[in-house]
Amino acid sequence: MPGTDDLSPPGPHGGPRTEAATADGTGRTDPRVVLEARSLSKHFRVRRTLRAVLDRTRPVVHAVDDVSLRLRRGTVTAVVGESGSGKSTIARLLAQLYPATSGEIRLDGRPVRAGRGRSFRAYCRQVQMIFQDPFGSLNPVHTVRYHLTRALRVHGRGGRGAAELEQALADLLGRVQLTPAARYLDVFPHELSGGQRQRVAIARAMAADPKVLLADEPVSMLDVSIRLGVLNLLKDLKERLDLAILYITHDIASARYFADETLVMYAGRLVEGGDSETVTQRPAHPYTQLLIASAPDPDRIAGDNPEHGAAGADPARDGGEPPSLISPPAGCRFHPRCPAALERCRTTVPPRFDLAEGQWAACWLYDDAPAGRPGAAREATA
């Protein structure tokens, strides 16, 4: 990716990242981190309109701006936010389906370079994606056998003979709880239910024996009655195979149930993160509060610790629509909708401030006051 070698991205709490070199020379500090994005950005050029031609401009969509995250083995990390916030773009950047405008991706501590050579194929084996629409991701003219056999052959895991291939196919379907295998191998996608199709798509991803699964809203197109089964399947695969999973969703309630860590995204930027239980039960950023208020949770502790939140913010208030990503507002991108916006929210992008229990928020309301109160920044730690 051009221009990534000299990047020095910020640390997880707004200060400079300080990474001591490890024995393998990669500079990683957490041995469980398998995939990392550093200051990742993606800008799309849009088709030139008559106005753009007259003004001699080339509009750009700021889909993702300066996003850093880490995916750890045996852990689910959720990215939540409204439609159009850039969540799926992050997944596609990590899957190398889009080239990054700037920033760096690291797999096992080593920079990943864009391309189509041997290293790219090795990356694709280790980082697999599960798409939102299982019917759209499976060619309807081919059987389940064809889809899984092709995936096994591409990744060199089909065995040398017919018997080994049949066993590998049965093992894949067994992993996703589609048994007996003979019942499903020779059927077409349209002959399966939505949940069964998504399980086949997961089995195809698992054919590569990956380290990372990028799940882009994997249950949003499924009936409510079967969503839990697919999420439980992914959780079981995570625990048994020590997978790192990125879970893209607009449903913050499912993130609380399924994910270990939740990151909240608004208009192309991450605004809050931390343990899923903490983020969903005690949201700090006004935008997260708005998301929680729009998806009531009967288990949420109503009124608990009222000081752990934005001073003066009314989480139920919606000040309007998300901003245009062609001309995003300066400063905090949420400030036009935020009932507690300060003057500098309109001019300066806030850094990440530490809160309790590993939670952080990119919000000026947590600056220049004793730790733990609204309008206070926790002292950042390296």
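User: In which strand does Thr-75 lie?

Analyst: In this predicted model, Thr-75 lies in strand β3.

User: Why is Thr-75 called buried?

Analyst: Its relative accessible area is 17%. Buried means under 20%, so Thr-75 counts as buried.

User: Which residues does Thr-75 touch, not counting residues up to four places away in sequence?

Analyst: Thr-75 touches Lys-238, Leu-243, Ala-244, Ile-245 and Asp-260.

User: Where is Glu-104 found, and why does Glu-104 count as buried?

Analyst: Glu-104 is found in strand β4, residues 102-107. The relative accessibility of Glu-104 is 7%. The cut-off for buried is under 20%, and therefore Glu-104 is classed as buried.

User: What makes the pair of Glu-104 and Arg-106 a polar contact?

Analyst: The side chains of Glu-104 and Arg-106 make this contact at 2.9 Å. A polar contact needs a pair of N or O atoms within 3.5 Å, one able to donate a hydrogen and the other to accept it. The value of 2.9 Å is within that limit.

User: What makes β4 mostly covered?

Analyst: Five of the six residues of β4 are buried.

User: How do you know that β1 and β4 pair?

Analyst: Pairing requires at least two bridges between two strands. Strand β1, residues 33-45, is joined to β4 by five bridges, so the two count as paired. They run antiparallel, and Leu-35 stands opposite Leu-107 in β4.

User: How many bridges join β4 to β5?

Analyst: Two bridges join β4 to strand β5, residues 110-111, and these strands also run antiparallel. Leu-107 stands opposite Arg-110 in β5. The hairpin of β4 and β5 has two residues between the strands, and Asp-108 takes a positive phi near 50° there.

User: What makes β6 and β11 edge strands?

Analyst: The open sheet has eight strands in the order β6-β7-β8-β3-β9-β10-β12-β11, with mixed pairing. β6 (127-130) and β11 (353-354) each pair on one side only, which is what makes them the edge strands.

User: How do you know that β10 and β12 pair?

Analyst: Strand β10, residues 269-275, and strand β12, residues 360-361, share two bridges in the antiparallel sense. At least two are needed, so the strands count as paired. Gly-273 has Trp-360 in β12 as its bridge partner.

User: What makes helix α2 mostly covered?

Analyst: Six of the eight residues of α2, residues 87-94, are buried. The buried residues are Lys-87, Thr-89, Ile-90, Ala-91, Leu-93 and Leu-94. Gln-96, which follows α2, has a positive phi near 65°.

User: Which strands do α2 and α11 lie across?

Analyst: α2 lies across β3, β6, β7, β8 and β9, and runs at about 150° to β8. Helix α11, residues 286-294, lies across β3, β9 and β10, and runs at about 105° to β9.

User: Which residues have the most contacts inside the largest nonpolar core?

Analyst: They are Leu-173, Ile-202, Leu-213, Tyr-287 and Tyr-366, in a core of 67 residues. Another core, of 31 residues, lies apart from it and includes Leu-35, Leu-71, Leu-93 and Val-212.

User: Which residues is Leu-173 in contact with, leaving aside its neighbours within four places in sequence?

Analyst: Leu-173 is in contact with Val-144, Leu-148, Leu-178, Ala-181, Tyr-184 and Leu-185.

Notes: Residues are numbered from 1 along each chain as its sequence is written. This is a predicted model: local features need pLDDT of at least 70, side-chain atom pairs count only at pLDDT 80 or more; totals for chains, interfaces and linings use all residues. Side-chain values use heavy atoms; hydrogens and water are left out. A nonpolar core is a set of buried Ala, Val, Leu, Ile, Met, Phe, Trp, Tyr and Cys residues joined through side-chain atoms within 4.5 Å. Buried means under 20% relative accessible area, exposed over 50%, partly exposed in between (1.4 Å probe, protein chains only). Contact means heavy atoms within 4.5 Å. Helices (H or I, at least four residues) and strands (E, at least two) are DSSP runs, numbered from the N terminus. Axes are lines fitted to C-alpha atoms, for helices over the stretch in contact, and angles run from 0 to 180 degrees between N-to-C directions.
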